[in-house]
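My notes follow in the order I took them.

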Amino acid sequence: MLTKLRPATKSDFNFIVSTFMKSYQPNTRLTHDVYYRFQRRQIINILNNSITIIACSEESPETIFGYIIYDVLVDIEPTPVVHWIYVKSALRGFGVSKLLTKHLDQSKIYYTHKNKSKLKELWTYNPYLTNKENYNEQS
């Protein structure tokens with residue numbers, strides 16, 4: 001499986017929103033109606049204000065293997081804020097997540113949405129970083 005990384009395009013948008021919605025819901029305790037009513041809005045806001053990188057087939061770049069949605073918190077030093085990593089279930093365990101995160105500074109990473117990724121065992125959970133207005137606020 002030859003994999004390359006590329007920036008997300010408008011044609012990837014529906015796939016990203018759909019898979020984010022479906023794969024994150026089991027991590028919440030919200031009812032289906034409440035989750036779909038409010039989470040979709042939040043995901044679209046995150047996508048509009050973040051960087052999304054796609055892992056795809058080298059031969060067929062429209063074939064998506066997974067993606068990462070992240071920002072960079074600029075404080076004393078730039079710190080990655082990962083909102084979501086998704087890898088198609090059949091491709092999990094083949095290093096796609098590691099490929100998607102290898103360009104990030106691994107010494108300090110925040111993440112905003114809990115899931116079962118083993119990478120997140122090394123990162124710091126901070127759900128308040130889903131909104132850029134919370135970045136760099138002065139007390």
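The model is a predicted one.

Entry 1: I then followed Gly66 to the next strand, where its bridge partner in β4 is Val87.

**Entry 2: the whole sheet.** Which order do the strands take? I read it as β1-β2-β3-β4-β5-β6, six strands in an open sheet with mixed pairing. The edge strands are β1 (3–7) and β6 (124–125), each of which pairs on one side only.

**Entry 3: β1 with β2.** I noted that β1 and β2 (residues 51–57) run antiparallel and are joined by five bridges. Lys4 stands opposite Cys56 in β2, and Arg6 has Ile54 of β2 as its bridge partner.

**Entry 4: β2 with β3.** I found this pair to be antiparallel, with six bridges. The two strands form a hairpin, and six residues lie between them. I also checked how covered β2 is: six of its seven residues are buried.

**Entry 5: β4 and its two neighbours.** On one side I have β3 (residues 64–74), which pairs with β4 in the antiparallel sense over nine bridges. How does β4 pair with β5 (residues 110–111), parallel or antiparallel? I found the parallel sense, over two bridges. Within that pairing, Val82 has Tyr111 of β5 as its bridge partner. Strand β4 (residues 78–87) is mostly covered, with nine of its ten residues buried.

**Entry 6: α1 against α2.** I turned to the helices next. Helix α1 (residues 13–24) packs on helix α2 (residues 32–48) at an angle of about 130°, and their axes are 10 Å apart. I log α1 as oblique to α2 because of that angle, since anything over 145 would count as roughly antiparallel and 65 to 115 as roughly perpendicular. The crossing of the two helices is right-handed.

**Entry 7: the residues in that contact.** From α1 I listed Phe13, Ile16, Val17, Phe20, Met21, Lys22 and Tyr24. From α2 I listed Tyr35, Tyr36, Gln39, Arg40, Ile43, Ile44 and Leu47. How many of the contact residues are nonpolar? I get eleven nonpolar, with one polar and two charged.

Definitions and conventions
Residues are numbered from 1 along each chain as its sequence is written. This is a predicted model: local features need pLDDT of at least 70, side-chain atom pairs count only at pLDDT 80 or more; totals for chains, interfaces and linings use all residues. Side-chain values use heavy atoms; hydrogens and water are left out. Axes are lines fitted to C-alpha atoms, for helices over the stretch in contact, and angles run from 0 to 180 degrees between N-to-C directions. Helices (H or I, at least four residues) and strands (E, at least two) are DSSP runs, numbered from the N terminus. Angles under 35 degrees count as roughly parallel, over 145 as roughly antiparallel, 65 to 115 as roughly perpendicular and the rest as oblique. A crossing is left-handed if the near helix is turned anticlockwise from the far one by less than a right angle, and right-handed if clockwise. Contact means heavy atoms within 4.5 Å. Ala, Val, Leu, Ile, Met, Phe, Trp, Tyr, Cys and Pro count as nonpolar, Asp, Glu, Lys and Arg as charged, and the others, Gly among them, as polar. Buried means under 20% relative accessible area, exposed over 50%, partly exposed in between (1.4 Å probe, protein chains only). Two strands pair if DSSP finds at least two bridges between them.
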